[in-house]
Amino acid sequence: MSRSTANASAERLLHASPHRTVFVTVDPATGERLAAKVFVAGSTADAERETEMATLCAGPGVVRYLPADEDPVTGRPRTRTVFVDGLDLDQLVAAHGAVPAATACRLLAPAADALAAMHTLCAPAAPHGIAHGDVKPKNLLRTSTTTLLLDFEHAHALPPPVAGATHGAADVNALASTLRWLLSGGGLATLPQHEAVNALLERCEGRTPPPAATVATILRELAERLDDDPDEALLDAAARGDASAGTPARAGLARFLTKTARIRRTLPHLLAAAAPLIAEPAAILRALRTTLRLVKHFPRHEPTWRRLETLRGTTGRMLAEAATRTADRRRAEEFTNATLWLTEVRASMLIAAGLPGGCPVPQDGPARMAGLLQRDPLAHLHQLAAQVDDARSTLAAEIDAIVNAENRLDLDVAERRIEAMAANYGGSSPSAARCRDRLHRLAFYLDRIARAQPNVERIGSAWDAVALKPLTEFVASASAAGQRRPRTEGGAGVVGLRSLQITLVNLGEEFPDLPKVAPAVEALNLALAHTTDHAWQLLGDAEKCLRTIPVPVRPLQVALSRLDTYRILEALVDRPGRPRSTLLDALEGLRLRLDQARATRDRLTEGAEQAMARGHWTTGLFDMERAVADIDPVDETDRAEAARLTARLAEARRRKQEVDTAVRRNVELATRYATLQDDPSSSFEDRLQALADRRECLRLLATHAPAERAVLYSGDLRDLATQTAIEETARAEHRIDGTVDPFERLRIARETVDRLAGSETGTGAEPSGRVVRLLEHWRTVASHCQLAVDRVHDAAKSERRQRRRLWRVGAAAALASAGAIVLALWPWLTGSPARAGGRGDGASFDRLAVRAAALPASVREGALGLVRSARAANDDSTFDAESWSATWAAELRAFAQRSDDLADRSEAYGFAVACWDAALLAARSRVDIATRDRIDRDSARLAEELGSGLRPSR
């Protein structure tokens, strides 16, 4: 357990294991610094047992324990000790290297004394002494004056001593192992020690070591003896890497000095300043191994131990960064790199963890909340490696699923899986990018194949449909896959069969796993060969027709139409001895004679169509009229074309007239609106109607006018929407100013907000700033109107509640007054004189029953119970005052409890008081004076118990 003196006032982690967490804290009550050990695994009994053992062993050489308790943050059991500034022997060796024998003996002597006191302790819980059970460098704290024993978790009561055996031999053996560990620099080197030291080690590590008290005496004697030993000075200089002068007395020491001198002479660079560290696992691992070899020869060379400390700290920082670096490599899909990096970090960590001082891992959070990284770094690295393997497997499975979806031509599923992959890896997945590129290429191929479907269907009518089935099925699948995805701008137009052939070949080369590509290519090759052979046959027949006089135009037109169909389909390919270029040249020669007369008309028609499509109506109409005039309908095809062009000309004229009319109408409506704005007598409805009419004109112009003018009309349309919103809000303000009814004002405000919100999205463009500000203004107005309506509702509710309250109070007062008058006049009306304390009559209890029936339903049953209890005091049967008082008190308590839930309790309390008076009158008339006084006292106590004004008036 380390006890660093730097910044000890702050809470910091000292040690963490899978089962324990040790940290420095401050006692909030006393401000004293404490070392707390939280039992992450274990029970409160474990903590209490450790504290009990340490308390029994309290004394010189033992750290002072405080009572065990529960950690307030984690809720786990903990032990607490007084924090003592110092350095445990593990950290001592980590800082300075192997300890000289005299210093080591001096350090361990106080610990041997403490163990001797523990072994001879006699206490009820340990009549034969206590063994520490875990003597090791980390549990021995070097202070400025002594060495303290720490951590009594494994302490236990010793069994009765056995003849011939050392009491507490295990602690003595552990103390000897600690001495050997200090002398060898944590077991990293073997130095020739004094024969007395070796003899002590052999005795203490044997089966019957000397008692701890004897060991303490020997350690002190050795410390004094070795302080002035010249051989120890020579050994210390050689172990530090310094040249030693003198001749040693010990033979083993002479050999050691000779070896170290030879190393310094032949390898002088070993003790030179080391190169700067490279914070990479492989470099750290090499540096650790090199430094350990140097420590083996010079175990007290402090620069080397400082370098080891730097290497251990760097390894700890790499462990702390392992999760982040591994996550970065997982996101970059560098799985092999991540696994190699973790393997090298693990190797460095295992070496550093076995060194003195261990492998310190930084702790970012609270010290007591140490995580798996601090508790078990090796498990943390295993967890990260498992995450890398899982990520690798998951990515491979996702890629396989994407490839399977591509093989099924299910591009939607493939794209969703790619997007999910990219989302899982933060949008920076190289595999997702590769799969996305692959999917885009596949979609490009399928789009071209789908755009060839019309040509495939046309070629199918001219060849064997069964032989062409592999191609038609694959093209249909590609078309179905493309229908679920948007077409790119460059994907317009039908793809020819020859381009389809090239596309299929390239698709098969780039996506060899697609199962239906090869049969489709084979079927297409056969179809193109058949079509090209038929084209050569048609061309030969046409050449024969050209040599006849007169030339038969119609058969040539049919042949040329068929050849053009093949050419448009790109169904012509090279054949043995007949290149495709020769076939196309012959086709163009045939076309030249037949198309000369129709070329001019076609150019005119095409130019007219394009001009009208761009909105150039005058140019388009002129060219269209020329094209119609040049048509000579000699056959059915020309007649159909003439009819189409004539209808197109009429439609163009009508559309041009509509556009011209809309232009004039737009100007007229703009002028009319300006006039209405200047006219103070114009109404909102007239101005809004003018704006609505102009909006229809602008919509027509924005759709059918030329592009450069349509942009201007679209801008006018947006300005018109803004002006319409301004007019509508002005009309709404006029209407809302003309009414004081809050409900009507709220309705007008909400209608205006709805219209303005509709105008924001009605034009399909961004709303102007004025419309946005108007909408915000009217939303504010609507909220104010809503507040006014809410106040009206609240006032009405308050008035209704006040009326109901006044009515209930009046009714209760009337009933109480009527009852009092009747009670006062009753003796006069019946002719019998009133008697103080006389018994009540049945009529008064009947009236109370009527009042009980008029009470709210929640207390009605309790009220009737009160009437029954009161009537029992007036009954002619035998009267038991004590039993009646208990029954009456229970009924009255139950009634008071139910009445507490009423909003207005005055009526119920009035009834209870009247019933209480009647019951007391009847009861007091039937008992003697002593019982009457007791009934009065019970009634007074009951009234004090109930409180809230519920007490009898008598």
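**Figure 1. Strands β8 and β9 are joined by three bridges and run antiparallel.** Strand β8 covers residues 140-142. Helices (H or I, at least four residues) and strands (E, at least two) are DSSP runs, numbered from the N terminus. Two strands count as paired if DSSP finds at least two bridges between them. Within this pairing, L140 has L149 of β9 as its bridge partner. The strands belong to an open sheet of three strands in the order β6-β8-β9, with antiparallel pairing. Its edge strands are β6 (87-88) and β9 (147-149), each of which pairs on one side only. Strands of a sheet pair through backbone hydrogen bonds, either parallel or antiparallel.

**Figure 2. The whole protein is shown as a predicted model.** The residues are numbered from 1 along each chain as its sequence is written, and side-chain values use heavy atoms, with hydrogens and water left out. Because the model is predicted, local features need pLDDT of at least 70 and side-chain atom pairs count only at pLDDT 80 or more, while totals for chains, interfaces and linings use all residues. The pLDDT is the predictor's confidence in each residue, from 0 to 100. The protein averages a pLDDT of 81, and 86% of the residues score at least 70. The protein contains 32 helices and 10 strands. Of its 954 residues, 42% count as buried; buried means under 20% relative accessible area, exposed over 50%, and partly exposed in between (1.4 Å probe, protein chains only). The accessible surface comes to about 49,000 Å², and 54% of this surface belongs to carbon and sulfur atoms. Accessible areas come from the Shrake-Rupley method with a 1.4 Å probe; for residues, only the protein chains shown count as cover. Among the contacts with a separation of 6 or more, 69% are between residues 24 or more positions apart, where contact means heavy atoms within 4.5 Å.

**Figure 3. A hairpin joins strands β1 and β2.** The hairpin connects the two strands through three residues. Strand β1 (residues 12-16) and strand β2 (residues 20-26) run antiparallel and are joined by four bridges. A16 has T21 in β2 as its bridge partner.

Figure 4. T326 counts as buried because its relative accessibility is 1%. Not counting residues up to four places away in sequence, T326 touches L342, L384 and V388. E333 has a positive phi of about 65° although it is not a glycine. Most residues other than glycine have a negative phi. With a relative accessible area of 12%, E333 is buried.

**Figure 5. L409 lies in the loop between α13 and α14.** This residue also is not a glycine, yet L409 has a positive phi of about 60°. L409 counts as buried because its relative accessibility is 9%.

**Figure 6. Helix α15 covers residues 430-451.** The helix has 22 residues and reaches 31 Å from its first C-alpha to its last, close to the 32 Å expected at 1.5 Å a residue. This expected span is 1.5 Å times one less than the number of residues. The buried residues of α15 include C435, L439, L442 and I449. The helices against which the buried residues of α15 pack are α13 (377-407), α14 (411-424), α16 (453-460), α17 (469-483) and α18 (497-510).

**Figure 7. V475 is found in helix α17.** V475 counts as buried because its relative accessibility is 1%. Its contacts, not counting residues up to four places away in sequence, are with I449, Q453 and V456. V475 and L500 are 25 residues apart in sequence, and their C-alpha atoms are 9.9 Å apart in space.

**Figure 8. C105 is in no disulfide.** The structure holds zero disulfides, a disulfide being a pair of cysteine sulfur atoms within 2.5 Å. For C105, the nearest cysteine sulfur is that of C204, 10.0 Å away. C105 counts as buried, with 1% relative accessibility. C359 also counts as buried, at 17% relative accessibility.
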